Amino acid sequence: MLETVRGWIGEARHIAVLTGAGMSAESGVPTFRDAQTGLWSQFNPQDLATEAAFRAHPQRVWDWYAHRREMIAAVQPNAGHVSLASFAQRHPGRLTLITQNVDGLHQLAGQSDALALHGNIAEDQWLDSPRSCCSKETIEAGRPPHCPVCGNLRRPAVVWFGESLPAAALETAEHAACHCDLMLVIGTSGEVYPAAGLAFTAHQSGARVVVINPEPTPLDVVADLCLRASAAVFLPSLLA
Ligand code: NAD
């Protein structure tokens with residue numbers, strides 16, 4: 001199977017790669033379902049990753065993100081991130097990397113042009129449209145920080161359930177899915193849309209699709225091959 005996929009990679013003029021939380025699991029970043037441990041086990045992602053949850057319990061949601069930020073700040077890209085970045089550098093213009101991850105590990109590995117469909121956990125933004133008083137210079141510290149004049153809250157710059165994805169990144173990702181010859185789908189449960197739909201788009205547009213995941217996923221139905229493997233172990237030999 002490794003040789004088959006290597007052959008497809010060699011033949012492909014353009015490769016799209018779609019990654020999810022499993023890509024960073026071996027760096028020590030828990031996947032979404034695993035992240036609900038300890039203190040947070042009583043909440044499901046919908047309790048923590050929606051605008052409604054933030055408005056209802058801003059301190060609880062802010063603290064959960066602070067906890068994840070701290071964890072992510074302490075980890076490094078793994079061999080899977082590094083081998084993708086190295087492949088992209090060796091083959092300029094041949095690979096489009098689309099990620100659902102908000103941890104910045106692909107970027108840290110050298111892929112600054114990764115399409116981060118769900119934002120970046122290290123950054124903040126205003127919850128409501130900023131008014132003239134909402135200035136980055138005068139933000140008052142707190143959990144969450146806020147504008148001292150109108151009370152507008154800072155929130156993590158990630159895409160929550162029910163929110164739109166950044167339009168330009170999504171458009172570029174859709175274009176890549178439509179025009180690639182090969183899509184590698186790595187470490188995603190395939191349950192979060194519209195990102196998961198990119199695998200269907202690639203398949204319908206005639207690309208080969210390869211799923212790399214230790215577990216079965218709903219995207220396996222469009223896969224030409226499913227490799228039950230972990231990203232950090234498998235990608236270095238695949239992309240060498
Ligand atoms: P998910 O948690 O729903 O699924 C993770 C998938 O990764 C599972 O299918 C699992 O079998 C697979 N997996 C686990 N270990 C793996 C490994 N070593 N190699 C390959 N695959 C492995 O994650 P998702 O599909 O990305 O969707 C959930 C949402 O959670 C996304 O929107 C994402 O933005 C967000 N999220 C991001 C991070 C991150 O930035 N690292 C972490 C958790 C959640």
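1. Setting aside neighbours within four places in sequence, asparagine 120 is in contact with Val102, Ala157 and Val158.

2. A word on what you are looking at. This is a predicted model, in which local features need pLDDT of at least 70 and side-chain atom pairs count only at pLDDT 80 or more, while totals for chains, interfaces and linings use all residues. Residues are numbered from 1 along each chain as its sequence is written, and side-chain values use heavy atoms, with hydrogens and water left out.

3. Back to asparagine 120, which lies in strand 4. Helices (H or I, at least four residues) and strands (E, at least two) are DSSP runs, numbered from the N terminus. Is asparagine 120 buried, partly exposed or exposed? Asparagine 120 is partly exposed, with a relative accessible area of 25%; buried means under 20% relative accessible area, exposed means over 50%, and partly exposed is in between (1.4 Å probe, protein chains only). Asparagine 120 and alanine 199 are 79 residues apart in sequence, and their C-alpha atoms are 22 Å apart in space.

4. Alanine 231 counts as buried, at 6% relative accessibility. Leaving aside neighbours within four places in sequence, alanine 231 is in contact with Met23, Glu26, Gly80, Ile186 and Pro236.

5. Helix 5 (residues 79-90) packs against helix 9 (residues 231-239) at an angle of about 25°, and their axes are 7 Å apart. That makes helix 5 roughly parallel to helix 9. Axes here are lines fitted to C-alpha atoms, for helices over the stretch in contact, and angles run from 0 to 180 degrees between N-to-C directions. Angles under 35 degrees count as roughly parallel, over 145 as roughly antiparallel, 65 to 115 as roughly perpendicular and the rest as oblique.

6. Which residues of helix 5 and helix 9 meet? Helix 5 brings Ala79, Gly80, Ser83, Leu84, Phe87 and Arg90, and helix 9 brings Ala231, Ala232, Leu235, Pro236 and Leu239. By class, the residues of this contact are eight nonpolar, two polar and one charged. For the classes, Ala, Val, Leu, Ile, Met, Phe, Trp, Tyr, Cys and Pro count as nonpolar, Asp, Glu, Lys and Arg as charged, and the others, Gly among them, as polar.

7. Helix 1 (residues 2-11) also packs with helix 9: their axes come within 9 Å and cross at roughly 55°. Helix 1 and helix 9 are therefore oblique to each other. Leu2, Val5, Arg6 and Ile9 in helix 1 meet Phe234, Ser237, Leu238 and Leu239 in helix 9. The contact of helix 1 with helix 9 has six nonpolar, one polar and one charged residues.

8. Next, the rings. How many aromatic pairs does a search of the whole structure find? The search finds three, where rings of Phe, Tyr and Trp (its six-membered ring) pair if their centres lie within 6.5 Å, and planes under 30 degrees apart count as stacked, over 60 as edge-to-face and the rest as tilted. Phenylalanine 54 and tryptophan 160 form a tilted pair, 5.4 Å centre to centre with 40° between the planes. Phenylalanine 54 lies in helix 3 (residues 51-56) and tryptophan 160 in the loop between strand 5 and helix 7 (167-179), so the pair ties together parts that are 106 residues apart in sequence.

9. Phenylalanine 54 is buried at 0% relative accessible area, and tryptophan 160 is buried at 2%. Tryptophan 64 and tyrosine 65 make an edge-to-face pair, 5.0 Å centre to centre with 80° between the planes. Both tryptophan 64 and tyrosine 65 are buried. Ring pairs link Phe54, Trp64, Tyr65 and Trp160 into a cluster.

10. Finally, look at two prolines. Most peptide bonds are trans. The bond from arginine 143 to proline 144 is cis, with omega near 0°, and proline 144 sits in the loop between strand 4 (119-126) and strand 5 (154-158). The bond from tyrosine 193 to proline 194 is also cis, with omega near 10°. Proline 194 is found in the loop between strand 6 (182-186) and helix 8 (197-204).

Terms used. Contact = heavy atoms within 4.5 Å.
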